[in-house]
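The exercises below are to be worked with the sequence and the coordinates open side by side. Each task sentence is followed by a solution in steps.

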Amino acid sequence: MEEESITAMNQQQRSHLLHASSRFSPPLGLKFSYGTAGFRADASLLESTVFRMGILAALRSVQTGSTIGLMITASHNKESDNGVKVADPSGGMLSQSWEPFADALSNAPDAQSLVQLIEFFVRKESISLDGVCKAEVLLGRDTRSSGVSLLEAAKEGIASIMGAKATDMGVVTTPQLHWMVRAKNKGIEASEYNYYEQLLTSFRCLLDYIPEGNKSKNAGGKVAVDGADGVGGQKLEKLTSKLNNLTINVRNCGDGVLNEGVGADYVQKEKVVPRGFGPADAGIRCVSLDGDADRLVYFCVSSNSNNIELVDGDKILSLFALYLKEQLGLLVGPQNEKSNSSYQPHLGVVQTAYANGASTDYLKKLGLEVVLTPTGVKYLHEKAAEYDIGIYFEANGHGTILFSDSFLSWLETRNKDLSSTSKGSDQHKATVRLLATSKLINQAVGDALSGFLLVEAILQHMGWTFQKWIELYHDLPSKQLKVKVADRTAISTANAETVVVNPVGLQEAIDSEIAKYSHGRCFVRPSGTEDVVRVYAEASTQEAADNLAHSVVKLVDQYLGASNS
Ligand code: 16G
Ligand code: MG
């Protein structure tokens with residue numbers, strides 16, 4: 001039997017891999033799972049997982065013939081945690097079809113079984129490892145101190161695939177790394193400098209194209225930004241002096257403990273001011289980024305307490321949707337109405353069941369197509385990519401706007417035509433604004449820095465005060481609770497997590513609770529990141545939302561045999 005002829009890995013590669021892998025053993029008795037956004041755990045447990053993700057990233061690069069990204073971050077988790085995720089050639093999340101391989105790799109008990117697993121996989125995927133493969137992985141990490149040694153483990157994982165090259169991009173935000181991977185694969189220089197240049201140029205372009213009547217209204221002004229004591233604040237500081245009419249005061253840039261009483265996750269969940277903010281900030285726009293700067297929320301501080309008015313991902317999405325609908329209206333006539341243009345770009349909005357019901361109503365009243373997907377960026381992103389312009393946001397502040405390639409090339413042509421036939425017309429201005437928006441907003445993944453600049457540009461474009469944006473619609477009171485259960489996989493859902501399928505009978509029981517409340521809405525789902533079941537409830541008063549959530553927690557207890565709540 002000529003084994004060598006049917007294997008996709010040569011002998012030299014096999015022994016190299018075996019040798020490298022023997023230095024990285026996984027901790028005993030733990031099961032790792034790639035989850036909704038990569039692996040996350042206490043940093044001390046992650047060395048072998050990160051090493052193995054280095055291998056996976058290199059293999060993905062060989063298979064796709066493109067550059068791949070590997071980011072070391074645990075986002076909004078505590079400083080002592082860390083994590084790792086992989087970016088695909090488009091800059092988006094790793095293909096879901098590779099996730100089972102990621103799980104299997106991280107859990108292989110020893111070097112021998114790891115190499116066997118890889119051999120089996122490369123053969124199945126027809127990946128040829130002949131010792132001269134071409135692969136490149138861009139590496140990034142957030143500000144966590146554990147990232148330094150984990151990055152070395154990733155480099156060793158990449159080097160264990162012969163011919164694979166690791167390029168260290170240093171301390172970057174997660175969206176910067178995704179942006180760089182996308183740029184690199186499009187033949188654009190993938191440097192941090194280029195990222196800032198693209199953001200600044202497109203931001204300035206949007207300001208240049210503000211309608212005359214709105215130019216002096218509420219232009220720019222003061223913004224205070226909470227950097228979560230992570231990487232985002234540090235990166236934003238590099239831009240502040242270049243943003244003409246905005247006075248940006250960045251706080252929590254890394255002197256305090258990462259994500260402790262700060263950051264978008266804290267502000268959105270606790271609905272109180274982050275550290276370093278207080279009544280003196282009343283009236284100004286306040287923004288909070290998360291630990292790796294792929295999420296942002298705005299908030300308005302109360303003048304006499306630590307309470308805030310939250311402007312979450314839903315409201316950011318609504319602002320973007322309104323603006324894009326207006327631009328498309330200028331370009332091709334109102335959406336959903338007969339127009340004289342032969343081409344009607346398809347604008348779609350993607351949310352999850354966590355979107356406040358008031359936002360969904362608002363968007364539908366605007367005449368927009370709104371669809372729900374399960375929680376997790378990869379699901380929203382995939383759906384949004386089906387539109388010419390797909391806007392997606394989770395209430396927690398992660399989201400972006402995707403422009404299809406075909407729409408962008410149509411827009412480029414239209415822009416060229418209009419600039420020679422009717423430069424300065426409303427139509428022409430709309431093409432310029434849409435093209436600039438597509439460059440400002442990160443096409444790979446949600447990005448707090450680019451999202452922030454787009455919000456600021458749109459507020460100036462509209463001539464709106466912060467208050468006017470806040471009052472776009474009023475959120476319905478809501479409550480989120482979590483239930484610790486013996487086995488969260490015992491619960492399964494359908495219809496974008498809005499309906500419980502198993503255990504049988506639970507959905508009917510929830511429905512009869514909901515029926516007791518005006519504007520009642522409630523759903524339960526197993527968390528993708530923690531061993532809990534989450535309960536979300538909404539109703540016309542806070543008390544009613546709280547009561548609905550608590551009674552559904554009891555139902556989950558009853559049906560799932562919870563350990564406590
Ligand atoms: C992850 C997801 C986020 C989601 C959250 C839900 C990414 C990059 N992040 O942080 O989108 O909202 O998980 O957590 O996909 P949960 O399943 O524990 O509720
Ligand atoms: Mg994050």
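A crossing of two helices is called left-handed if the near helix is turned anticlockwise from the far one by less than a right angle, and right-handed if it is turned clockwise. The model to which this is applied here is a predicted one.

**Exercise 1.** Determine how α3 and α4 pack, and state the hand of their crossing.

*Solution.* Begin with the geometry: helix α3, residues 47-64, and helix α4, residues 99-107, meet at an angle of about 140 degrees, and their axes lie 9 Å apart. Since angles over 145 degrees count as roughly antiparallel and those from 65 to 115 as roughly perpendicular, that angle makes α3 oblique to α4. The crossing of α3 and α4 is right-handed. Next, list the residues that make the contact, which on α3 are T49, R52, M53, L56 and L59, and on α4 are F101, A102, L105, S106 and N107. Sorted by class, the contact of α3 with α4 comprises six nonpolar residues, three polar ones and one charged one.

**Exercise 2.** Carry out the analysis for α3 and α6.

*Solution.* Helix α6 spans residues 147-159, and α3 packs with α6 at an angle of about 40 degrees, with the axes 7 Å apart. Because only angles under 35 degrees count as roughly parallel, this angle makes α3 oblique to α6. The crossing of α3 and α6 is right-handed. On the α3 side the contact is made by E47, V50, F51, G54, I55 and A58, and on the α6 side by L150, A153, A154, E156, G157 and I158. Assigning classes to the residues of the contact of α3 with α6 gives eight nonpolar, two polar and two charged.

**Exercise 3.** Decide whether Y298 is buried or exposed, and describe its surroundings.

*Solution.* First locate Y298, which belongs to strand β9, residues 296-301. Its relative accessibility is 0%, so Y298 counts as buried. With neighbours within four places in sequence left aside, the residues in contact with Y298 include V287, L310, I316, F452 and W469, and also E456. The side chains of Y298 and E456 are moreover joined by a polar contact of 2.8 Å. Finally, compare sequence with space: Y298 and D312 are 14 residues apart along the chain, while their C-alpha atoms are 6.3 Å apart.

**Exercise 4.** Where is S404, and is it buried or exposed?

*Solution.* S404 sits in the loop between β14 (399-403) and α14 (405-421). Its relative accessibility is 16%, and because buried means under 20%, S404 counts as buried. Not counting residues up to four places away in sequence, S404 touches Y387 and D388.

How values were computed. Residues numbered from 1 in each chain as written. Chains lettered and ligands numbered in written order. Predicted model: local features only at pLDDT ≥ 70, side-chain atom pairs only at ≥ 80, totals over all residues. Heavy atoms only, no water. Axes fitted to C-alpha atoms, helices over the stretch in contact; angles between N-to-C directions. Helix = DSSP H or I, 4+ residues; strand = E, 2+ residues; numbered from the N terminus. Contact = heavy atoms within 4.5 Å. Nonpolar A, V, L, I, M, F, W, Y, C, P; charged D, E, K, R; others polar. Buried < 20%, exposed > 50% of the residue type's maximum accessible area, 1.4 Å probe, protein only. Polar contact = N/O pair within 3.5 Å; in protein donor to acceptor, adjacent residues only side chain to side chain.
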